[in-house]
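I opened this notebook to record what I looked up in one structure. The entries follow the order of my reading.

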Amino acid sequence: MSSLTANEDCLGWAARDASGVLSPYNFSRRAVGSDDVSIKITHCGVCYGDVVWTRNKHGDSMYPVVPGHEIAGIVKEVGSNVHHFKVGDHVGVGTYVNSCRDCEYCNDGLEVHCVKELVYTFNRVDVDGTVTKGGYSSYIVVHERYCFRIPDNYPLASAAPLLCAGITVYAPMVRHKMNQPGKSLGVIGLGGLGHMAVKFGKAFGLNVTIFSTSLSKKQEALTLLGADRFVVSADQEQIEALAKSFDFIIDTASGVHSLDPYISLLKTAGVLVLVGFPSETKFSPAILNLGMKTISGSVVGGTKVTQEMIDFCAAHKIYPNIEVIPIQYANEALERLIKKDVKYRFVIDIENSLK
């Protein structure tokens with residue numbers, strides 16, 4: 001198909017400086033290449049990464065920054081060499097849009113660990129020298145390898161948070177074989193990532209306990225999310241009563257906290273996976289060594305496991321708990337996200353509000 005998109009204006013919302021304040025912004029996307037898919041964005045999830053790069057938290061923001069890496073939409077054009085997608089298909093795009101496609105990790109479907117040139121969905125320099133711009137925008141052009149098929153019966157608004165929050169917990173869960181019915185899982189933190197870990201844990205047949213600093217979340221955790229048990233993290237008595245009783249723990253907390261109380265909850269050879277990004281973390285080597293326990297880190301998954309997760313969610317009717325908002329509310333949403341005032345993921349209705 002011939003491309004008209006190179007000269008089309010793409011409408012987005014961008015931050016111009018470290019204040020992070022977003023406002024309307026017009027820009028151009030690249031022309032649709034032979035391996036590219038052009039996607040009309042219908043929805044985009046709001047992730048803490050949007051805060052990080054709109055506000056230059058890492059000192060590497062390239063303004064104007066158009067954030068958003070939980071993208072869902074509909075294919076509007078495909079390149080001549082695209083074989084996996086057609087116009088009208090429902091698709092998603094996650095946290096990265098390019099990689100070398102040649103290193104051992106790319107060849108193994110673990111592109112997120114590309115050793116040469118992983119390109120994030122926004123605020124990264126792509127191979128053509130342009131700075132990538134994310135999903136707070138009307139459309140996006142992406143190589144088909146980094147697009148994911150969303151089943152037609154799965155709501156696009158629900159699909160968006162799967163592309164970062166969902167895969168961030170799903171990938172380590174399957175890698176560490178947490179999909180064994182009857183095993184026990186602890187989930188530290190009940191936000192966007194934590195609530196998805198609970199949903200996956202229950203779908204895998206696990207006995208799920210939530211550890212949270214907020215007692216106010218207990219009722220919802222047990223009834224709405226279906227957790228088996230809720231423990232207030234500061235309750236030393238409850239923590240001690242659960243010593244050596246967990247096969248797995250997923251730690252989604254980003255605040256600084258000691259790992260020792262949680263490592264003590266693991267059975268022999270148990271696994272604790274960090275998916276949050278605290279500025280530092282501490283633990284006693286002895287508590288790890290004596291129980292033959294493992295601490296592992298993880299980010300999002302490669303293309304293979306991401307597609308597997310989307311299909312798993314559709315098959316098991318797993319949906320993130322979302323609050324759908326118009327793009328005009330994006331600044332308020334980011335402020336609320338910083339205050340952890342969201343249950344459990346904001347999703348921007350791009351299609352109906354970005355004008």
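**Entry 1. A buried glutamate and its partner**

I began with Glu70, which is buried, its relative accessible area being 0%; buried stands for under 20% relative accessible area, exposed for over 50%, and partly exposed for what lies in between, with a 1.4 Å probe and protein chains only. I noted that the model is predicted, that local features need pLDDT of at least 70 and side-chain atom pairs pLDDT 80 or more, and that totals for chains, interfaces and linings use all residues. Residues are numbered from 1 along each chain as its sequence is written, and side-chain values use heavy atoms, with hydrogens and water left out.

I then looked for the partner of Glu70 and found a salt bridge with the side chain of Arg345, at 2.7 Å from N to O. A salt bridge here is a side-chain nitrogen of Lys or Arg within 4 Å of a carboxyl oxygen of Asp or Glu. The two residues are 275 residues apart and link distant parts of the chain: Glu70 belongs to the loop between α1 and β4, and Arg345 to strand β17 (residues 345-349). Helices (H or I, at least four residues) and strands (E, at least two) are DSSP runs numbered from the N terminus. Arg345 is also buried, at 6% relative accessibility.

**Entry 2. Other salt bridges**

I recalled that side chains of opposite charge can pair when their charged atoms come close. How many salt bridges does the rule give? The count comes to 15.

I looked up Arg55 and found its side chain in a salt bridge with Glu335, at 2.8 Å from N to O. Arg55 sits in the loop between α1 (48-54) and β4 (71-78), while Glu335 is in helix α11 (residues 330-338), 280 residues apart. Glu335 is partly exposed, its relative accessible area being 34%.

I turned next to Arg149 and Asp89, whose side chains form a salt bridge at 3.1 Å from N to O. They are 60 residues apart, with Arg149 in strand β9 (residues 147-149) and Asp89 in the loop between β4 and β5 (90-93). Is Asp89 buried or exposed? Asp89 is buried at 7% relative accessibility, whereas Arg149 is partly exposed at 35%.

I also recorded a network of salt bridges that links Arg30, Asp36 and Asp126.

**Entry 3. A residue in strand β3**

I looked up Thr42, which lies in strand β3 (residues 36-45) and is buried at 1% relative accessibility. Which residues does Thr42 contact, its neighbours within four places in sequence left aside? They are Ala72, Gly73, Ile74, Leu156, Ile348, Asp349, Ile350 and Glu351, where contact means heavy atoms within 4.5 Å.

**Entry 4. Helices α4 and α5**

Two packed helices are described by the angle between their axes and the distance between the axes. I found that the axes of α4 (residues 165-175) and α5 (residues 192-203) come within 8 Å and cross at roughly 50°. That angle makes α4 oblique to α5. The axes are lines fitted to C-alpha atoms, for helices over the stretch in contact, and angles run from 0 to 180 degrees between N-to-C directions. Angles under 35 degrees count as roughly parallel, over 145 as roughly antiparallel, 65 to 115 as roughly perpendicular, and the rest as oblique.

From α4 the contact is made by Ala165, Gly166, Thr168, Val169, Tyr170 and Met173, and from α5 by Gly192, Leu193, Met196, Ala197, Phe200 and Gly201. I sorted these residues into 8 nonpolar, 4 polar and no charged; Ala, Val, Leu, Ile, Met, Phe, Trp, Tyr, Cys and Pro count as nonpolar, Asp, Glu, Lys and Arg as charged, and the others, Gly among them, as polar.

**Entry 5. Backbone details**

Most residues other than glycine have a negative phi, and most peptide bonds are trans. I therefore listed the exceptions that I looked up, as most peptide bonds are trans.

The peptide bond that joins Tyr63 and Pro64 is cis, with omega about -5°, and Pro64 is in the loop between α1 and β4. A cis bond also runs from Lys343 to Tyr344, with omega near -10°; Tyr344 is placed in the loop between α11 and β17.

Met292, which is not a glycine, has a positive phi of about 55°. Met292 occupies the loop between α9 (285-289) and β15 (294-297) and is exposed, with a relative accessible area of 58%. Lys317 has a positive phi near 55°. Lys317 is in the loop between α10 (303-316) and β16 (322-325) and is exposed at 61% relative accessibility.
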